[in-house]
Amino acid sequence: MIHHIYQHYCILNQLKFPNDFHGSPIETNQKEDGSEMMGKIMNALEEYELEKLMNMDKDQNDIPELMLIRKKITPIIKKAEVGEGLSKLINGNDEKRKKTLPYHHSVPGGLHTGMSIYVQGTVPKHVKRFCVYFACCHHEGADVTFHFSPQFDIDKTVLNTFWDGKWGKAEHHKMPFRKGEKFEIIFIVNNTGYQVLVNRNPLCTYRHRIPPQRVQDINVDGNLQLHSLIVMGGPTKGNMPVPYICDIPGGLKANRTITVRGSIPKNAKRFEIKFMAGQDIALSISPHLEKRTMVCNSFLNGSWEPEERNLLFNLFQSEKYFELSIHCDNHKFKIYANSQPFFSYAHRYVPIENIKTIKITGNVTLSYITY
């Protein structure tokens, strides 16, 4: 989310997104990490302002209001430390961490429904083509279940499968990448195929021609600056156990964000995320998947308080990845779903520093939790 906010901030300043945050004109005399900056931005903006900033583009016409938003966040960003921690959060990586191509990432258990592959990088200005492909083993001539290749010489993204020594029928889709710009690709494995998103926008779905369980190696090659490749979720040994109970390091406090990532099992009905202070539940977040409703409440002094309900829309879908970020400030919890503002919940339990435990139960597959 920090990446997107800073990118839109640069658009407001009529700047291109910088190749390296260290080279931006921002100066600092104060040390501050990315999570602190994110908290201050969230506190400075109203929910509708944050949503407007996250959804703006270069053709946005509501200039006066956007200029007011810019005025609010400029001092916060200018005071942030231009250092390694913030650079990683904004850019996703720095020059020292770029991957050497061809790059191989082993997937010993294969790919399964609910897993996601995240690829971040930068497209060079003089690019011809690059590719991400899922191979059945790590040797020349191996079957390739999915070959994803942006080809700038024809201005198309070409998808195909290599099976039994020959290529199948290629699929052609639009070109979502721009030369000289950063990108994020998300490949989501579902029952029927690979769902592809580029910069959080849906691009296409490629139907399985070879079972994804056969994938043993994910590869990146070609004309590309690769920053990171992460495989998440799925029924592998890396999943976190549910019920999940853990102390929040240092306890909860203002300007802290906790992010929960995972996927929804098939036929799941509900799960629950609880923020606890002893036996009290300061906040219970419970998606009721069958009713398509999010129920939030607090359990204080031995009894439940009045519920607050929000519509889920399509935020949690069976066998698909999700991300929930819970940001705590002095007055309320702000919940973001898949990087978009969702709802707020005013504090009913104080002091928030006594909220020291997170507990997750129900029908959910957890990939990881960040504090």
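At 0% relative accessibility, Thr-157 counts as buried in this predicted model, because the cut-off for that label is anything under 20%. Thr-157 sits in strand E5, which spans residues 156-163.

Next, the aromatics. Searching the whole structure turns up 17 aromatic pairs. One of them, Phe-146 with Phe-187, is edge-to-face, with 5.8 Å centre to centre and 85° between the planes. Phe-146 belongs to strand E4 (residues 144-151) and Phe-187 to strand E8 (residues 182-189), so this pair ties together parts that are 41 residues apart in sequence. Both phenylalanines are buried. They are also members of a cluster linked by ring pairs, whose other members are Phe-130, Phe-134, Phe-148, Phe-177, Phe-183, Tyr-194 and Tyr-206.

Arg-200 is a case from a loop, the one between strand E9 (193-198) and strand E10 (201-207). With a relative accessibility of 29%, Arg-200 counts as partly exposed, because that value falls between the 20% and 50% cut-offs. The Arg-200 side chain makes a polar contact with the side chain of Glu-184, at 2.9 Å.

A cis peptide bond joins Leu-101 and Pro-102, with omega at about -5°; Pro-102 is placed in the loop between helix H5 (84-91) and strand E1 (103-106). Another cis peptide bond, between Val-350 and Pro-351, has omega at about 0°. Pro-351 is again a loop residue, between strand E22 (340-346) and strand E23 (357-362).

Positive phi values come up as well. Asp-164 isn't a glycine, yet its phi is positive, at about 55°. Asp-164 lies in the loop between E5 and strand E6 (166-167), and its relative accessible area of 66% makes it exposed. Arg-292, another residue other than glycine, has a positive phi near 55°. The loop that holds Arg-292 runs between strand E16 (280-288) and strand E17 (293-300). At 44% relative accessibility, Arg-292 counts as partly exposed.

Five strands make up an open sheet with antiparallel pairing, in the order E22-E21-E20-E14-E24. Its edges are E22 and strand E24 (365-370), each of which pairs on one side only. From one strand to the next, the twist averages 20°. E24 finds its partner in strand E14 (residues 256-263), and the two pair in the antiparallel sense over five bridges. Within this sheet, Val-260 has Ile-369 of E24 as its bridge partner.

How values were computed: Residues numbered from 1 in each chain as written. Predicted model: local features only at pLDDT ≥ 70, side-chain atom pairs only at ≥ 80, totals over all residues. Heavy atoms only, no water. Helix = DSSP H or I, 4+ residues; strand = E, 2+ residues; numbered from the N terminus. Buried < 20%, exposed > 50% of the residue type's maximum accessible area, 1.4 Å probe, protein only. Polar contact = N/O pair within 3.5 Å; in protein donor to acceptor, adjacent residues only side chain to side chain. Phe/Tyr/Trp six-rings, centres within 6.5 Å; stacked < 30°, edge-to-face > 60°. Pairing = 2+ DSSP bridges. Axes fitted to C-alpha atoms, helices over the stretch in contact; angles between N-to-C directions.
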